[in-house]
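User: I am learning to read protein models. Can you walk me through the features of this one?

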Amino acid sequence: MMIRRITYWTSVSASQTGTRESNEDFIAIRTLQYGIWRLKLLIVCDGVGGRPEGGACAVAVGEAVISTVQNYLENRKSKLTLSGKETERIARKLLALSINDLARQSACTLAVALVYPKLLGRRWATMVFWAGDSRVYELQEDSGALRLLTNDHSDQEGRLTSYYAGDGRVKGHLSWLYRDGPIPPAAVCVTTDGVHDHCQTEEIRHFLFYCMSESLRTNERLSQELSEFLSLNISDNFSFGLYYRRLTEPHLRTLASDLEED
Amino acid sequence: MNETGFRIKRPTAGKIKTQADIVFCIDATGSMDPCIEGVKEGIYTFVEGLQSAADVDYRLRLIAYRDRHDPSCGTAWHINDFTNSVEGFLADLDGIEAEGGGDASESTLDALYIAIQSDWRTTRTHKTIVLFTDADTHPHLHPSTYNLPDNGVNRVIQEFQTLRHVMLFMVLPDYPAYRQLEQSMNDADRKIVARFVPRNDERYTGLRAVEWEPLLKMLGQTVSRTSTAVDDD
C-alpha cells in the first residue's frame, strides 16, 4: 500500500501603515471549504491614494471577492476539485462585484491566489486573478526559484492601467491564470507595491526562505520581521501574505543553498 | 528557529536609490535683500546634504523670480534648465541679487506655474518644488505665463494635480493663497511642507534658518504608485 506523505502548511499575513497616516490596504488568507475539499485563498487589495475612501474600497473589494469565490464554490454542481476551465468562469463573476455605499471614484488594486490540491493530492493547482500592481509570487519547490505569477497593470510613470472602482467594477481589465503540476509550490505570497517596489525580487525570495527557516507562525512575528526587512525603504502602506509548506531540513537546505546560513 | 535547526541569516532589503528633480523658486525682489544671502546659504547646506546622500540621483533647477505684473520692474528673471552639475547650479545661485519689485505682491504663482511645467524625468522621480518668498502673490497669472481666464490660484492647484510624485516645500508668509495651496496638496494626498513665517518679519529669521530635514527625508523615500491612468466612465 502506498503511503502518501502529509503536507503541512502555514499561513501568516501582515499589513502596516508605514509612513502614511492610515492604512489603505486589505489583506486576508482564508480557508474555503467546498464539498469535501478545501482551498486556501490569499488576497491583497491596495487602496489608491489621492481618491476618496481608498481604504474602504480595498476592504469592500477584498470581502466581496472572498464572498464571490465562496458563493461560486458552494453553488457548483461538480463534486470534483476545481478544474482549470473554471478559472474564466470565476473571473467573469469577479468582473462586477456587488458593492454598495462607496464613492464610485474610490479605487483599489486586487491580487488573489487560490491554492489547492487536485486528484486526492496527486496534483496541485493555483488560480490567480489580478487588477493593478499588487502581485502574487510562487516559490518553486523543485528549483527554489521565485516566480512572479502576475504582471503589473501600470504605465511607464507607474500609474495604474487597471483597478477596481468603488462601484465594484474593473476599470481596464482583470487578468487571470491557472497552473497545476505534480508537486505543490514551496510557498505562495501576495504583496502590495509597498513591499515589492521597495526591494528586489531576489530579496523577497531571501525573505521567504528566512520565514520558512524560522518556521514563522504568527502574524505579529511576520509584521516585526517585515518591518526590519524593509526598514531602509519604508515609505508607504505595505502588506504581505504568505502560505508556505514546512519542508524538511535537507530539502530547505538544498533549495536555499545560495543563501547565507546564520 | 525551525524544528531542524537550519537557520538562514536575516535579510534586509538594500537601500533603493531614489530619483529627484528639484526646482528652487526664489523670490529675488528687493525686499528679499536682507535675507537673500541667508537663503543661499541654506540652499548650499541642503545641496551638501544631497551630495552626501549617495542614494539620491538628483537634478537641480533654479528659478529666481521677480514681478512680471509690475511694468516698472525691469530686472529679468533667472530661469535655468535642470542640471546635475552642483558647481554650475551653485555658481548661478551665487549670482542672484535681490532687486526690483515695487509693490507688495510678487509673481509667485507665475514662478510655481513655470516650475510645474519643468522638463521632469517621468520614471519614478520625486518632482520637488522649493519656494522661498517674503511676499504675497499676485492673485492671477500674468498673461505672458498663462493667457486664459482661469488664471488664479486654482489654475496652479490643478497643474499640481497633474504631476505624479510631486512634493512642495515652501517657506513664506501666511497669506490666504498659500494656505489654499497647502490645503489642496493635503487634500490630494500630495507631500507638502509649509513653513509659514510672520508677515513683515523684519528679522527674516524664518527664511534664513530653514530646517531641511523633512525634505531630505522625503527625498530619501522611494516613490510609490498612487495614481490611476484609466478614466472613470
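Analyst: Start with helix α2 of chain A, residues 86-94. Helices here are DSSP runs of H or I, at least four residues, numbered from the N terminus; strands are runs of E, at least two. This is a predicted model: local features need pLDDT of at least 70, side-chain atom pairs count only at 80 or more, and totals for chains, interfaces and linings use all residues. Residues are numbered from 1 along each chain as its sequence is written, and chains are lettered from A and ligands numbered from 1 in the order written.

User: Which residues of α2(A) are buried?

Analyst: An α-helix has 3.6 residues a turn, so residues three or four places apart point the same way. In α2(A), A:T87, A:I90 and A:L94 are buried (20 or more such atoms within 10 Å). Seen down the axis, they fall within an arc of 70°, so they line one face of the helix; the arc is that of the directions from the axis to the C-beta atoms.

User: How many residues has the largest nonpolar core?

Analyst: In soluble globular proteins, nonpolar side chains tend to be buried together. A nonpolar core is a set of buried Ala, Val, Leu, Ile, Met, Phe, Trp, Tyr and Cys residues joined through C-beta atoms within 7 Å. The largest here has 81 residues. A:L242 is among those with the most contacts inside it. Beyond four places in sequence, A:L242 is in contact (C-beta atoms within 7 Å) with residues including A:S11, A:A187 and A:L208.

User: What is the strand order of the open sheet in chain A?

Analyst: Two strands pair if DSSP finds at least two bridges between them. The order is β1-β13-β12-β7-β8, with antiparallel pairing. β1 (9-16) and β8 (146-148) stand at the edges with a single partner each, so one side of each has no neighbour in the sheet. Between β1(A) and β13(A), residues 238-245, there are 8 bridges. A:A14 stands opposite A:F240 in β13(A).

User: Which helix lies across β1 and β13 of chain A?

Analyst: Angles run from 0 to 180 degrees between N-to-C directions of axes fitted to C-alpha atoms, for helices over the stretch in contact. Helix α5 (residues 219-229) lies there, at about 55° to β1(A).

Key:
A residue is buried if 20 or more other C-beta atoms lie within 10 Å of its own, exposed if 12 or fewer, and partly exposed in between; C-beta atoms are placed from the backbone. Two residues are in contact if their C-beta atoms, placed from the backbone, lie within 7 Å.
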